[in-house]
Amino acid sequence: MSIDRLVRLTLITGFFVILFLPTGTMFLKSDPKISNTEKRELAKVPDLPRSIKELYDFSDKFENFYGDNFGSRKFLITCYSRLKYLIGVSPSKKVILGKDGWLFYAAHKTIDDCRRLELFTQGELKQWADSLEQKNSWLNKKSIPYLFVVAPNKHTIYPEYLPERIKPTRPVSRHDQLFDYLHSNTMVPTLDLRSALISAKSNAKIYFKLGTHWNLYGAAVAQYEIVRCLMKTFQDLSPVRYSAEHFKWIDQWTGDVALANMINLNGCFTQPTPFIIIKPCYEVYDFDTKDYPPLTAIFGCPEATLVALVFCDSFNVALRPVLSQYFKRITYIRKQGDFELIKTYVEKERPDVVIEEIVERNLRLVPRGSTPKK
């Protein structure tokens, strides 16, 4: 056999191996049934059709199954994603590639909010105000202080790392609108964390560059402002002011890396991550999970006396270690507090204070009107 013929035979054989290898290995692999990168369940093997109608549907179902499960799918997608990243193109519409390796969340119209393309209508502002005022008034009648806190988007605190094409189109944001309206039309106590966080970022990074959340130092800045607000009612509280020196900073693949995972850059980069040097006073309490919504957590410091109830989102995870030190018991419920939910858990927990925290991008989720039950 000539060398030329051997080379051609090798190329042809290699071509067919590459062509059929994904299909041949599809049923031999043991990949997970849920894609952590795509945040969804992968399609399952469809049942064999037993009627003409099922036969029509079978081809679509099998195509979905094959597309989700062909051999080496994860490896090939990872290679494709990393190649796109190297040429400066985001592998996902949900992630924006920023400057200096910073990543930004782009789903749920977050970029529209960043550019301030849409503002609240007067009707939406009134809905927000009515909802918050309803909760505040009911709690005030029970002599329970209420505080509404917005955790700013990373885009708001670090606009300098966004691509040049993403700029605000007007001076006022939804956040500005809502707080101005609340201050003018309600008695709802609010906390705007933007100036404190922007001031603190000159000392060290306060948000994760590869994720969406503030880090422990950013949460420490937030807790100081929260407790300062609570001091108006609870004068014995003494907020701890943390500086960057209170943390050990490690540059590694850790912390919130959700955006990097979404574009298959798992383990490719590091980010400065703070670890607190002296652990604050808190314990994690056991409780009957069936009595609470999913992802609820209960912390507390045995040396404290107050009881708190917090309705929150994922930004509370970093907040727990530094905020819990002020309370004998503090219950973090991972849901936005509609009136009935607050009423239920206030009666269950008997708190001295109720805090509601919401990330800025979720302000567009305008509360529906409700009427308190007697």
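## Helices and sheet in a predicted model

Helix H5 crosses helix H12 in a right-handed manner.

The axes of H5 and H12 lie 10 Å apart, at an angle of about 25 degrees. Angles under 35 degrees count as roughly parallel, which makes H5 roughly parallel to H12. From H5, the contact draws on Gln134, Lys135, Trp138 and Leu139, while H12 supplies Phe339, Ile342, Lys343, Val346 and Glu347. Sorted by class, this contact holds five nonpolar, one polar and three charged residues.

H5 (residues 122-141) lies across strands S5 and S13, running at about 140 degrees to S5. H12 (residues 339-349) packs on the sheet too, where it touches S11 (306-311), S12 (327-333) and S13, and its direction makes about 160 degrees with that of S11.

What is the strand order of this sheet? The sheet is open, has seven strands with mixed pairing, and reads S6-S5-S13-S11-S12-S10-S9. Strands S6 (190-192) and S9 (283-284) are at the edges; each has a single partner strand, so one side of each has no neighbour in the sheet. Further in, S5 (residues 146-151) pairs with S13 (residues 353-359) in the parallel sense over six bridges. Within that pairing, Val149 of the model stands opposite Glu357 in S13.

The crossing of H9 past H11 is right-handed. On the H9 side the contact is made by Leu216, Ala219, Ala220, Ala222, Gln223, Ile226 and Val227, and on the H11 side by Ala318, Leu319, Pro321, Val322 and Leu323.

| H9 with H11 | eleven residues | one residue | no residues |

Finally, a look at the aromatic rings: a search of the whole structure finds 21 aromatic pairs. One of them joins Trp214 and Phe315 edge-to-face, with 5.1 Å centre to centre and 80 degrees between the planes. The two residues are 101 residues apart and link distant parts of the chain: Trp214 sits in the loop between H8 (194-200) and H9, and Phe315 in the loop between S11 and H11.

Key. Residues numbered from 1 in each chain as written. Predicted model: local features only at pLDDT ≥ 70, side-chain atom pairs only at ≥ 80, totals over all residues. Heavy atoms only, no water. Pairing = 2+ DSSP bridges. Helix = DSSP H or I, 4+ residues; strand = E, 2+ residues; numbered from the N terminus. Contact = heavy atoms within 4.5 Å. Axes fitted to C-alpha atoms, helices over the stretch in contact; angles between N-to-C directions. Left-handed = near helix turned anticlockwise from the far one by under 90°. Nonpolar A, V, L, I, M, F, W, Y, C, P; charged D, E, K, R; others polar. Phe/Tyr/Trp six-rings, centres within 6.5 Å; stacked < 30°, edge-to-face > 60°. Parallel < 35°, antiparallel > 145°, perpendicular 65-115°, else oblique.
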